[in-house]
Amino acid sequence: MITQPYITNYLSEHYADDAYRELSGYEARGGFEGLRKAVQMEPADLVELVKSSGLRGRGGAGFSTGLKWSFMPSGNDRPKLFVCNADESEPGSFKDRLIMERGPHQMLEGILIGAWAVGASKTYIYIRGEYKVPTRRVEQAVKELYERGYLGQKILGKKGFDHDIVVHSGAGAYICGEETGLLESLEGKKGQPRKKPPFPAQYGAFGLPTTVNNVETFAHVPFIVARGLDWFLAIGTEKSPGTTLFGVSGQVERPGLFELPLGTPLGEIIDHAGGVRGGRALKGVIPGGMSMPILLPEDLDVRMAEEFLSERGTHLGTGGIMVMDETTCMVRVAAVTSYFFRDESCGQCTQCREGTGWIHKICERVEAGRGSPADLELLDDLPGLMEGQTICAFADAAAWPIQGLLRHFRADFEAHIAAQRCPFPESFEL
Amino acid sequence: MPTLTIDGTEYEVAEGRMILQAIDDLGLLMSGVDIPHYCWHPKLSIDGSCRMCQVEVEGMPKLQIACNTLVTDGMVVRTDVERVKKAQRGVMELLLINHPLDCPICDQAGECTLQDYAFDYGMPGARTEEPRRPAKKAMDLGPTIVFDQERCILCRRCVRFCREIPKTGELGVFARGDHSLLELFPGTELDNPYSMNVADICPVGALTTKDFRFKIRVWFLDDVESICNQCSNGCNIYASRSNNRIYRYLPRRNDSVNDTWICDHGRLSYQLIMENRLTEPRVSRRGTSYADAVRAAGDAVRAARESGGSIVGVASPFVGNEDLFVLKQLLEAVGAPAATFAVPRGESDELLVKTEKAPNASGARALGFEESDASPGAVAVALVLGHTLAEECLKGVETLILLDTENCSLAERADIVLPARSFAEKEGSFTNHAKRVQRFRPILEPTFEALSEGEILQRIGAAAGLTGWTASYDVHEVSKRLSETVAGFDGINLDSLDDQGCELA
Ligand SMILES: Cc1cc2nc3c(=O)[nH]c(=O)nc-3n(C[C@H](O)[C@H](O)[C@H](O)COP(=O)(O)O)c2cc1C
Ligand code: SF4
Ligand code: SF4
Ligand code: SF4
Ligand code: FES
């Protein structure tokens, strides 16, 4: 189990310390200073502060957190809700797990600050079902908060500052991480994303105005409030301030999580992970979880922030970096990737339901040595039929990796078709 | 009112409507403005999943689904651009990769949106070589519906129907991705009073009704506008006929009456039309010619008038306004009191089904007839339409003249019996529970000698020698006279009514 990242910064500074996950230990190391400061502020000013901090959501889309909070209706005619998205199911991503296991109060303090800012009276924390330990730790932490009066009525003695937290276990579907799929699942329905409009800020969980944020997004908030804008804006890049927990997996010497400022060059992060395993050459790197298009060895100079990655035709996503060495068969990568998306598509939208299945069948066929040039044409074409045309971004997430693999590793596909077998005997097993 | 421009043509549309709704409101959807769609249905909640209705909206970078895009004033929409056509081709291709393409043995062929759109928006040929998703054939979903799962395109119209209309929720889509299958929830069957509507809204041949399945190819059918006669709701229907036979009823949309639905009982009632028909004119319980029976009835009326014997009329809530009007005139001409009528009653529900189990009780009331199931007592002649009044009430009748469609027990006892045409064999109008007058048209040719009640009464009046009465009968003329004489019917007659009917003043 990964309990300690090799590189730490403000989030993970005390993660090695078991006391930090308990309320007393958290408070002793500066915890809840942010909330104390926050409740001295007007809620609107607090939203403004988070907006000015430039904090971008860490759930994958990188949307401005302050701006999202500002979409919540003002006034108190209807209860407002927060949802903390702890469904973390993107292959290659495992950062939220560490936060919940080692610093659950960071996330909870962030939630409470947000609750004060937008006037939310309740938060549902939706945790991936397989995350047993994180769930236990979060439940324990919530219990402590109730015991110490950080949850319930009149928090920190503030009249009108009431908040409850409910921990909810997911039941094993990637699509329940998509925010409206999550809301359906939370309501006890099949986890299928909702059409938009209406957006969650108008019609969210149980029909109430709702803001959904990622675990890590919430975890940054107390630091921003406690330490101030100047401090935060000095970390990371101009457009993407702060750090993130980069998760490095795949064929590296020391896979793990590394907290580094956004904008850190990709090669440097891989170096922190000990470089490519066994001194082999690098073949490709997925920079932000399996949904994101792959990069080439010559892209190691790219700075890991959305504004730079999008110039290279890919995205930061969740910051889950997947490293593949020279033995890797990229058709196999396409086959496992497309298998995942075929299996996880919720199946509502025609293009996503049918496209993910078809792409997977084609990739398997090519990998098995039964592909034809027509299959390559289909793989060129099908992602374009899916992308940007569906209820949620899942179809994009299914289309982009295939497009990326074909863009950079067409030769691998052509070699399979020409030889009618897989020419990478040493590649990972399917 | 917001204006919406589609492919260069400007439309004024209602406030707060999605693009597809707005076009549908104007009656132009797929007949003037072609935005193909699968999951959207005018009477169900918006699903937004099939993605067939994508259009280009000026100012929006991505294509938008017309079914869930709110019209804003001045919105400019294009469907005639390559981007939209490509998206439509894409959806069609992907819908077809798991479709069995068994049109030659599919009941839906000829009225299948998948087939039609494949021609209009798809591409020729297929690029898939994979086997289809495994799915079941001919699953029995309940008493009325058979499901060919492999044909299902997962538009979820049937799922939403069951949840939203009868609120029974028997159906759901199970599993994920391309393993998704429409199924019954475990332990249920599709058994609700409106179940068969799912077959109408299914865009493909996945859901078929047991009564119609494999009976006939739809291109041999023609659909006649009519009205269900099983209760006073007067649901609008099409009767699909071929070879002088009705093969099915389909709901015909009328937003003021039945939206796009009918109940299963009404839907299957076409099977009752030819049941136990009265085919033989009789006088004194012996078969005779139609002319003889009419003459005998005329004689009985004349004799009663001459001897000062009382004449009464018993109307029926099953016959048309025009038939009732001739009865009214005849009774007035012989100085008889207004007719009475009895109405069979039964269960009702919140949706369509009404307690009055006849189509035209409101029409009888509007013509001044009184609802009563009391006996007329001892009378010389009773002109009786149908058999809604209990037989023993008519014991004191000296000469009972019965006009009926059904070979009921009253026909055994009646002195003069005249076979009447069913509503399916004649033209006319019914007035429903909400006083909406609605036209029905002839669907079938009678296979034996029978006339409408109106025409029979006209002939009886002529045979009785009533002043000004001739035997010639034209239902349109009668309807015109009705609208000129009866209060509330002003301007409402067979020639003025459109397919949606019109409420009485
Ligand atoms: C298919 C799919 C899966 C997603 N899974 C997750 C997830 O597991 N965790 C998460 O925080 N966000 C996930 N997201 C993103 C959420 O929809 C949402 O944008 C995010 O929770 C918002 O939080 P943020 O603004 O704090 O990033 C997913 C999105 C998609 C399209
Ligand atoms: S894009 Fe895929 S996952 Fe998202 S709603 Fe549509 S079918 Fe479901
Ligand atoms: S059975 Fe028909 S109506 Fe139901 S989901 Fe399938 S295609 Fe749609
Ligand atoms: S509700 Fe009444 S009128 Fe409508 S179909 Fe049923 S029986 Fe016929
Ligand atoms: S009709 Fe609009 S998405 Fe199906």
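Student: Which residues gather in a patch of negative charge on the surface?
Tutor: In this predicted model, the patch holds E10(B), E12(B), E15(B) and D73(B). Patch members have over 30% relative accessible area and no salt bridge, with like charges joined within 9 Å (Asp and Glu count as negative, placed at CG of Asp or CD of Glu; a salt bridge is a Lys or Arg side-chain nitrogen within 4 Å of an Asp or Glu carboxyl oxygen; areas are Shrake-Rupley with a 1.4 Å probe, only the protein chains shown counting as cover).

Student: Is E10(B) buried or exposed?
Tutor: E10(B) is exposed, because its relative accessibility is 56% (buried is under 20%, exposed over 50%, partly exposed in between). E10(B) sits in strand 2, residues 9-12 of chain B (strands are DSSP E runs of at least two residues, helices H or I runs of at least four).

Student: New topic: where is the peptide bond from K196(A) cis?
Tutor: That bond runs to P197(A), with omega near 0°. The bond from P197(A) to P198(A) is cis too, with omega near 0°. P197(A) is in the loop between helix 8 (179-186) and strand 4 (210-214) of chain A.

Student: And what is phi of L156(A)?
Tutor: Near 50°, a positive value in a residue other than glycine. L156(A) is partly exposed, at 30%. Most residues other than glycine have a negative phi.

Student: What ipTM does the predictor give the complex?
Tutor: The ipTM is 0.93 and the pTM 0.95.

How values were computed
Residues are numbered from 1 along each chain as its sequence is written. Chains are lettered from A and ligands numbered from 1 in the order in which they are written. This is a predicted model: local features need pLDDT of at least 70, side-chain atom pairs count only at pLDDT 80 or more; totals for chains, interfaces and linings use all residues. Side-chain values use heavy atoms; hydrogens and water are left out. Patches are made of residues with over 30% relative accessible area and no salt bridge: like charges are joined within 9 Å, nonpolar side chains (Val, Leu, Ile, Met, Phe, Trp, Tyr) within 5 Å. Buried means under 20% relative accessible area, exposed over 50%, partly exposed in between (1.4 Å probe, protein chains only).
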